[in-house]
Amino acid sequence: MNTVTVKELITKDEIIQGFPVMRQLRPHLDEHTYLELVLEAREVDRYRMFALMEGEKVVAVTGFKPMTTLYYGRFVWVCDLVTEQNNRSRGYGEKLLSYVHTWGKENRFESVALSSGLQRSDAHRFYMDKLEYDKVSYVFKKSLP
């Protein structure tokens, strides 16, 4: 059995290695746009990307950014969290999100927050029932012409 480890995706090659899994959450992105957005978010928004590795294979990916707002104070915003489709229900998402919790505590953040699409009822149960997240708001979005 392969060892499961968490690895930060830093180089362009490492970031691209996470694309096939991330694309399952963000199917509107092609590889070029994905890489461009990750690099920009790292530069201007402190975005960090981590993969859960089973041996040499990426089985789950998360992207988050440390933030400070008047509402939440110092917190970690999870932008992306996805487990490879054939590896779901094996605890990988929980392991990766637990890593984010530990990272947040070690870096003196007060909480972790995320949004989840309205249609993702399985994910909502996972966050609320298994990981004890509270539903605290709705997220609203307006596309600009």
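User: In this predicted model, how many bridges pair strand β1 with β2, and in which sense do they pair?
Analyst: The model is predicted, and in it strand β1, covering residues 4–8, lies against β2 in an antiparallel pairing. The bridges between β1 and β2 number five, and the sense is antiparallel.

User: Which strand is joined to β2 by seven bridges, and which of its residues is the bridge partner of Ala-51?
Analyst: Strand β2 also runs antiparallel to the strand of residues 57–69, with seven bridges joining the two. That strand is β3, and within it the bridge partner of Ala-51 is Val-61.

User: Which residue in the hairpin of β2 and β3 takes a positive phi, and near what value?
Analyst: The hairpin of β2 and β3 has two residues between its strands. The residue there with a positive phi is Gly-55, and the angle is near 65°.

User: Is strand β2 largely enclosed or largely open, and how many of its residues are buried?
Analyst: Burial here requires a relative accessible area under 20%. Strand β2 spans residues 48–54, and because six of its seven residues are buried, the strand is largely enclosed by the rest of the structure. The number of buried residues in β2 is therefore six.

User: Is Asn-87 buried or exposed, and which residues does it touch beyond four places away in sequence?
Analyst: Asn-87 belongs to the loop between β4 (73–83) and α4 (92–106). Its relative accessibility is 5%, so Asn-87 counts as buried. Leaving aside residues up to four places away in sequence, Asn-87 touches Lys-57, Val-59 and Tyr-92.

User: How are the rings of Trp-103 and Phe-109 arranged relative to each other?
Analyst: The count of aromatic pairs, taking ring centres within 6.5 Å, comes to nine. For Trp-103 and Phe-109 the centres are 5.8 Å apart and the planes stand at 15°, so the pair is stacked. Trp-103 is buried at 10% relative accessibility, and Phe-109 is buried as well, with a relative accessible area of 11%.

User: Which residues make the nonpolar surface patch of about 490 Å²?
Analyst: One contributor is Phe-140, in the segment after α5 (121–130), and its relative accessibility of 74% means that Phe-140 counts as exposed. The residues that make the patch are Leu-118, Tyr-138 and Phe-140.

Key:
Residues are numbered from 1 along each chain as its sequence is written. This is a predicted model: local features need pLDDT of at least 70, side-chain atom pairs count only at pLDDT 80 or more; totals for chains, interfaces and linings use all residues. Side-chain values use heavy atoms; hydrogens and water are left out. Buried means under 20% relative accessible area, exposed over 50%, partly exposed in between (1.4 Å probe, protein chains only). Helices (H or I, at least four residues) and strands (E, at least two) are DSSP runs, numbered from the N terminus. Two strands pair if DSSP finds at least two bridges between them. Patches are made of residues with over 30% relative accessible area and no salt bridge: like charges are joined within 9 Å, nonpolar side chains (Val, Leu, Ile, Met, Phe, Trp, Tyr) within 5 Å. Accessible areas come from the Shrake-Rupley method with a 1.4 Å probe; for residues, only the protein chains shown count as cover. A salt bridge is a side-chain nitrogen of Lys or Arg within 4 Å of a carboxyl oxygen of Asp or Glu. Contact means heavy atoms within 4.5 Å. Rings of Phe, Tyr and Trp (its six-membered ring) pair if their centres lie within 6.5 Å; planes under 30 degrees apart count as stacked, over 60 as edge-to-face and the rest as tilted.
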